[in-house]
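I opened my notebook to look up a few residues and their surroundings. Come along and follow each entry on the model.

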Amino acid sequence: MPNTQAPVKPPASRPWQAEPLSDVLLELDSSLEGLSELEAARRLAETGPNELNAKPPRTLAQMAREQLTDPMILILLVAAVLSALLQEWAEAGIIFAIVMVNAVIGIVQERKAQSSLEALRSMSAPEARVVRDGVEMVVPARDLVPGDLVQLGDGSMAPADLRLVEAAGLRMQEAALTGESVPVEKDASAVVLPGAPLGDRSNMAFATAIVTAGRGAGIVVATGMGTEVGHIAGMLEGDEELDTPIKRKLASFGKILTI
């Protein structure tokens, strides 16, 4: 049985697809018989639930306040007010229009990011078939941990990122991750290079991918925000902090106005 002492928290960026299955099992301290219930509970307490992070959505007022309190935006607003006081109506109107357009674009982008995050969370599998203590059982997908042995069947969804140990005519739809419209054939024994793109990792099954044919089984190598879909969720969650071309142009324009 797997060792119950060694902590298991595999790095998300590890190229599991390029490692021999024996090395994967050794690194995750698992086996083809799965984990014990006791070990799974211990790992769950260590790694946390298998789910995407969720933070309360911000209100329209909060988003607008953030857009309008940026230092460069404040400079532009002051410039617009001064232009109006000097009766330079054209300049004042142009500056106000730029500020409003920037605010609207920022709010729309953040709203889209929030909607995309909710869509990703709604795609997650609610349950998973795992083997624990040598017995196949159904558990909540949020309770999966690295090292769990997951069974996949026709119509099921991968509840986490898996290194396949078995694939019998297995085909999976990965459009949400790769954009490929046709199902991908999986091969547990395939040799895949470390830098291979997601669509070419035929010995892996990624969270949210749906089985369209065949059956298979895989060892969980990443859960929650450590999965490939979790990486996407992380980027969307931080989207409001990303720089944009219009922000850079406004910053440059603001500096010129200040001078």
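These are my entries on a few residues, made on a predicted model.

**Entry: Ser156**

I began with Ser156 and found it in the loop between strand 3 (149–152) and strand 4 (161–173). Is Ser156 buried or exposed, or partly exposed? I read 23% relative accessibility for Ser156, so it counts as partly exposed, since buried means under 20% and exposed means over 50%.

Next I looked for partners of Ser156. Leaving aside neighbours within four places in sequence, I found Ser156 in contact with Ala209, Ile210 and Val211. I then checked Ile210: the two C-alpha atoms are 5.8 Å apart in space, although Ser156 and Ile210 are 54 residues apart in sequence. I also noted that a polar atom of the Ser156 side chain lies 2.6 Å from the backbone oxygen of Gly153.

**Entry: Arg132**

I moved on to Arg132, whose place is in strand 1 (residues 127–132). Here I read 5% relative accessibility, so Arg132 counts as buried.

Which side chain joins that of Arg132 in a polar contact of 3.5 Å? I found that it is the side chain of Glu37. Glu37 also turned up when I listed the contacts of Arg132, leaving aside neighbours within four places in sequence. That list has other names too, including Leu35, Ala40, Met137 and Asp148.

**Entry: rings**

Last, I turned to rings. How many aromatic pairs does a search of the whole structure find? I noted 0. I did find Arg14 over the face of Trp16, at 4.8 Å from the ring centre.

Definitions and conventions. Residues are numbered from 1 along each chain as its sequence is written. This is a predicted model: local features need pLDDT of at least 70, side-chain atom pairs count only at pLDDT 80 or more; totals for chains, interfaces and linings use all residues. Side-chain values use heavy atoms; hydrogens and water are left out. Helices (H or I, at least four residues) and strands (E, at least two) are DSSP runs, numbered from the N terminus. Buried means under 20% relative accessible area, exposed over 50%, partly exposed in between (1.4 Å probe, protein chains only). Contact means heavy atoms within 4.5 Å. A polar contact is a pair of N or O atoms within 3.5 Å; within protein, one must be able to donate a hydrogen and the other to accept it, and residues adjacent in sequence count only if both atoms are side-chain atoms. Rings of Phe, Tyr and Trp (its six-membered ring) pair if their centres lie within 6.5 Å; planes under 30 degrees apart count as stacked, over 60 as edge-to-face and the rest as tilted. A charge sits over a ring if NZ of Lys or CZ of Arg is within 6 Å of the ring centre and within 35 degrees of the ring normal.
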